[in-house]
Amino acid sequence: MEKVTINDAQKITSPNPFALVSTKGEDGKVNVMALSWWTYVSNHPATVVICTSDRGYTGGVIKRTREFTLSMPDESLREQAFLCGTCSGRDRDKAVEFGIEFEESETVKVPRVKGSALALECRLKDTVPLGDHTMYIAEVTAVWADKEKRPVFAAEGYRKLRAFEVIE
Ligand SMILES: Cc1cc2nc3c(=O)[nH]c(=O)nc-3n(C[C@H](O)[C@H](O)[C@H](O)COP(=O)(O)O)c2cc1C
């Protein structure tokens with residue numbers, strides 16, 4: 001083995017999970033951010049964590065509103081989903097610019113991305129500052145799926161989104 005960087009490690013473990021984090025600001029604007037750093041951390045109560053950079057817009061909105069949704073796009077949303085990871089909602093309306101549509105959530109005010117393979121409605125429980133990122137621990141208050149669709153994953157590190165065949 002050879003010594004490598006943490007960035008190399010993240011390419012080596014690719015494909016990585018992928019989701020769109022939606023938030024709704026106090027001004028009513030819904031923002032969508034691309035995110036690989038999320039995982040399930042408990043079943044009862046159903047709990048997930050996400051990690052966002054402190055330089056981005058999404059984390060501050062979550063701290064203030066304490067709600068978000070995680071939507072896992074399928075192949076048909078691949079290009080729009082990737083674009084949500086290339087610019088900030090601080091000065092752009094990504095949903096309008098990239099033509100992302102939403103459907104109302106049942107348990108939170110933040111909508112889910114329409115056409116996703118899976119969507120989780122989430123309510124913030126706690127935050128943990130971790131250097132350049134903050135971890136948001138959230139209870140999952142509702143889970144939705146379209147079982148005909150398969151979610152995309154982040155491939156080649158975080159450079160592409162791709163769907164993968166399930167090999168039985
Ligand atoms: C495939 C992919 C995965 C990403 N994963 C993360 C992540 O886990 N955490 C993070 O902070 N940024 C991640 N990003 C970068 C953010 O999506 C990007 O900084 C975005 O502009 C932040 O948007 P916001 O300022 O509207 O919150 C990812 C980008 C891509 C393309």
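This is a predicted model: local features need pLDDT of at least 70, side-chain atom pairs count only at pLDDT 80 or more; totals for chains, interfaces and linings use all residues.
Which of the 21 residues around the ligand come nearest? They are W37, T58, G85, S88 and G89.

**View 1. The shell around the ligand.** Here we're looking at the 21 residues around the ligand, with W37, T58, G85, S88 and G89 coming nearest. Sort the shell by class and you get 11 nonpolar, nine polar and one charged residues. Two strands, β2 (30-35) and β4 (46-53), each supply at least two residues to it. β2 gives the most, with four residues.

**View 2. The open sheet.** Seven strands line up in the order β2-β1-β5-β8-β9-β4-β3, with antiparallel pairing. β2 and β3 (38-43) sit at the edges with a single partner strand each, so one side of each has no neighbour in the sheet. On average, neighbouring strands in this sheet are turned by 35 degrees against each other, ignoring direction.

**View 3. β1 meets β2.** Zoom in on the end of the sheet where edge strand β2 pairs with β1 (residues 19-24) in the antiparallel sense, over six bridges. If you want a landmark, find T23, which stands opposite N31 in β2.

**View 4. Helix α2 over the strands.** Helix α2 (residues 58-65) lies across β1, β2, β4, β5 (67-72), β8 (118-130) and β9 (133-145). Against β1, α2 runs at about 55 degrees. T58, one of the residues that come nearest to the ligand, belongs to the stretch that makes up α2.

**View 5. The largest nonpolar core.** This core has 33 residues, and those with the most contacts inside it are A19, L20, V21, V32, M33, L35 and L70. β1, β2, α2, β5, β8 and β9 are the elements that give two or more residues to it. β2 again gives the most, this time with five residues.

**View 6. Around V32.** V32 is among the core residues with the most contacts inside the core. Skip its neighbours within four places in sequence, and V32 is in contact with L20, S22, C84, K94, A95, I100 and V113.

**View 7. G99 out in a loop.** G99 is found in the loop between α4 (94-98) and β6 (102-103).

Terms used
Residues are numbered from 1 along each chain as its sequence is written. A residue is near a molecule or strand if its C-beta atom, placed from the backbone, lies within 6 Å of it. Ala, Val, Leu, Ile, Met, Phe, Trp, Tyr, Cys and Pro count as nonpolar, Asp, Glu, Lys and Arg as charged, and the others, Gly among them, as polar. Two strands pair if DSSP finds at least two bridges between them. Axes are lines fitted to C-alpha atoms, for helices over the stretch in contact, and angles run from 0 to 180 degrees between N-to-C directions. Two residues are in contact if their C-beta atoms, placed from the backbone, lie within 7 Å. A nonpolar core is a set of buried Ala, Val, Leu, Ile, Met, Phe, Trp, Tyr and Cys residues joined through C-beta atoms within 7 Å. A residue is buried if 20 or more other C-beta atoms lie within 10 Å of its own, exposed if 12 or fewer, and partly exposed in between; C-beta atoms are placed from the backbone.
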